[in-house]
Amino acid sequence: MLGKALGQPAHHPLSRPRSLWSAFHIDPILLGLLLLLIGGGLFILYSGADRNIEVVKAQGIRMAVALVVMMVFAQLDPAVFRRWAPWLYLVGVIALVAVLLVGVGAKGAQRWLAIPGLPRFQPSELMKLVVPMMTAWYLSRHFLPPRLSRVAVALAIVLVPMAMIIMQPDLGTSLLVGAAGLFVVFFGGMSWRLIGAFVAMVSVAAPLMWFFVMRDYQKQRVLTLLDPQSDPLGAGWNIIQSKTAIGSGGVDGKGWLQGTQSHLEFLPESHTDFIVAVLAEEFGFIGILALLTLYLLIILRCLYISATAQDSFSRLLAGALTMTFFIYIFVNMGMVSGLLPVVGVPLPLISYGGTSGVTLMAAFGVLMSIHTHRRMISA
């Protein structure tokens, strides 16, 4: 009343002035953690790339582009993602079909599309975002937890693009796409009985996949995992050298730029898939623990965003994107340490490469959009 008497605008008691962060729809905590991770990644990359500053500059440019993509996605209201999900899914599936028919091949794989006037791109990377988005769109349109028939439709939404990506072949990306979609189904309230039945079906299908689906090099990766010493100078070389680098780091490591396995070129792909072995050798257990702590903080922040989302679509999508980020970390560290087969999954925002980094930062942009576009519900 006093404000009105003095001619000042009256404010709702629950309203707060918008900060600069909220005006640009950026979550400062998540942004700070991501910048710390990217900065640390460039620091390790300099050593992993054998002090090649050009590699670090190229990665820095890629990460700058990825940050811009993140900010663009953060500006979009979650309703935009929900509205466009079916159309993006349709475009993605058509693009995957085009890859199989007229795609560009490299190193025995046909994974890219080359459209005149546009840079070559990999449609399967798009599906890491689109598949969970489409699955969340479908399930959120119905009552949760979903009935068996709707679970079946959701699984079909996930398995169709996953199967096409396997045919390229790209086992690593197909696992990430499948995990992203399956996490949506899980968070939607899939019963443990159905989960058990699904696991049983996968177990039964595994021998069939071994004989009729998996290619020779994929079988060799599994056999190498079980016994890397069977071919120490061939298929087992990567894992043996990686485990040697990790073990030689000890508690506090040999020191930055002092790793022998990477700098004497024993460790293959030291700046891409196996970069965590460089970190372990040069900074030891303490360095790995610091990296895992940073990853954990990012995941916890993203889970908080998921838990506080205001609608089922946003909660399902945010939870799935968060757990996909976790799968990146789990699979990469598992294969580098010899616990999982080598499937070509990079260490997120640390390994050299642009496509996966842009996709991940776009996912974080979606998470920021979900968090910063929440609307206050007043009585």
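I started with W84, which counts as partly exposed because its relative accessibility is 47% (buried is under 20% relative accessible area, exposed over 50%, partly exposed in between, with a 1.4 Å probe and protein chains only). W84 sits in helix 5, residues 78-102 (helices are DSSP runs of H or I, at least four residues, numbered from the N terminus). Together with W87, L88, L90 and I94, W84 makes up a nonpolar surface patch with about 540 Å² of accessible area. For the patch I took residues with over 30% relative accessible area and no salt bridge, nonpolar side chains being joined within 5 Å; a salt bridge is a side-chain nitrogen of Lys or Arg within 4 Å of a carboxyl oxygen of Asp or Glu. Areas are Shrake-Rupley with a 1.4 Å probe.

**Ground rules**

I'm on a predicted model, where local features need pLDDT of at least 70, side-chain atom pairs need 80 or more, and totals for chains, interfaces and linings use all residues. Numbering runs from 1 along each chain as its sequence is written, and side-chain values use heavy atoms, without hydrogens and water.

**Largest pocket**

Next I looked up the largest pocket and got a volume of about 1500 Å³. Its lining has 41 residues, with M162, L175, L182, F198 and V202 closest to the centre. Helices 7 (148-166), 8 (171-187), 9 (192-212), 10 (216-226) and 14 each give two or more residues to that lining. Helix 9 has the largest share, 12 residues. By class I noted 37 nonpolar, 3 polar and 1 charged (Ala, Val, Leu, Ile, Met, Phe, Trp, Tyr, Cys and Pro are nonpolar, Asp, Glu, Lys and Arg charged, the others polar).

My terms: on a 1 Å grid over the protein atoms alone, a pocket is an open set of points with protein on both sides within 12 Å along at least five of seven lines, a cavity is a set where a 1.4 Å probe fits but cannot get out, and lining residues have an atom within 4 Å of a point. Volume is the space filled by probe spheres set on the points.

**Cavities**

I found 2 cavities of 30 Å³ or more. The largest holds about 90 Å³, and its lining includes K128, F325, Y328 and L360. Helix 15 supplies the largest share of that lining, 5 residues, and the classes come to 8 nonpolar, 2 polar and 1 charged.

Key
Patches are made of residues with over 30% relative accessible area and no salt bridge: like charges are joined within 9 Å, nonpolar side chains (Val, Leu, Ile, Met, Phe, Trp, Tyr) within 5 Å.
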